[in-house]
Structures are given as C-alpha cells and as structure tokens.
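Could you take a look at this one when you get a minute? My notes are below.

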Amino acid sequence: SKDSLLDGMVAHRIGVNRTFAVCHKKLKKRGQKFPDILNNIPYFSHPKDSSLSHEIELFFSKHSLTPKKIGEGDDIDLFELITENAVGFTIVPEAAKLRFTLNPDIVVLGELKELQTSVWGIVKKDYKGLGYQLLKGML
C-alpha cells in the first residue's frame with residue numbers, strides 16, 4: 001500500500017486495472033442483464049489458488065451467482081480460445097478484453113467493478129527524470 005512506502009519514495013496513481021466478463025455472442029441471450037446472465041453461461045475460471053479467483057468467488061457470492069464451472073486455466077491465450085469458440089464465459093483484465101473484442105463475435109457481458117484496483121508508479125522523491133515525466137503525463 002501507499003502508506004508503507006519508504007521515506008525517500010513517492011507514489012503516483014497512474015490508472016486502474018479493470019476486470020470484465022466476456023463471451024462469444026452466441027452464448028448471450030437477449031433480455032438477460034449483468035451480472036445475472038452469468039448464471040446461464042458456462043464459466044472457465046482462474047486457478048483456485050490465484051488471488052483473482054478468490055476475488056471472483058466473493059463477487060459471485062455477493063451477487064448470489066453460481067455459474068457452472070467447466071474448467072480452469074492461467075494462460076490468457078487459453079482464455080481467448082475458450083471465449084472465441086463459445087465454450088463459456090471468461091473473466092479477464094481490461095488489456096485482454098480489448099484484445100479479445102477485436103474479434104466481432106466476442107461481447108462484453110459486464111465489468112466486475114468490485115475487482116477494480118489502482119495502478120501506482122513509485123519514484124524517489126527528488127527524482128524528476130524520464131520516469132517521473134511519464135508518470136505525470138509530461139511526455
């Protein structure tokens with residue numbers, strides 16, 4: 001956390017990590033809203049021992065969701081393959097969502113806003129070089 005930085009360092013918030021549920025358009029039924037739609041599409045998950053898996057399970061619990069789990073993996077290319085072939089929905093970070101949705105058959109079901117986290121850049125307090133300029137949007 002930002003509170004545990006050394007005295008000679010400073011943190012700059014540079015963005016957020018967002019997480020999305022995506023699937024092939026064949027799997028999305030009309031009239032179903034997010035997140036309830038997740039109960040009606042098979043789910044390909046992250047490994048049980050990953051921190052993201054734990055956060056996703058909390059999201060499911062909060063929204064009373066019990067999607068049918070069809071497998072798990074930790075490779076983003078595998079998640080893309082599962083999604084493209086209409087095997088099930090996957091939950092991916094924003095960068096992967098942007099890549100997946102280059103395929104017009106892939107749709108975003110919704111954002112898991114509870115999983116949003118901040119991205120921080122950390123530099124020495126007196127540093128004003130290239131890294132600092134990038135963090136502050138000066139370049």
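Here are my points, starting with the overall fold and ending with a lysine.

1. First, the ground rules. This is a predicted model, where local features need pLDDT of at least 70, side-chain atom pairs count only at pLDDT 80 or more, and totals for chains, interfaces and linings use all residues. Residues are numbered from 1 along each chain as its sequence is written, and side-chain values use heavy atoms, with hydrogens and water left out.

2. The protein has 4 helices and 7 strands, counted as DSSP runs (H or I, at least four residues, for helices; E, at least two, for strands) and numbered from the N terminus. The order from the N terminus is β-β-β-α-β-α-β-α-β-β-α. The radius of gyration is 18 Å, well over the 14 Å of the globule rule for 139 residues, so the protein is more spread out than a compact globule. That radius is taken over C-alpha atoms, and the rule is 2.2 Å times the number of residues to the power 0.38.

3. The C-alpha atoms fill a box of roughly 55 × 30 × 25 Å along the principal axes. Of the 139 residues, 35% count as buried (under 20% relative accessible area, with exposed over 50% and partly exposed in between; 1.4 Å probe, protein chains only).

4. Now K25, which sits in the loop between β2 (19–24) and β3 (43–45). K25 is partly exposed, at 44% relative accessible area. Beyond its neighbours within four places in sequence, K25 is in contact with P104, D105 and V107 (heavy atoms within 4.5 Å).
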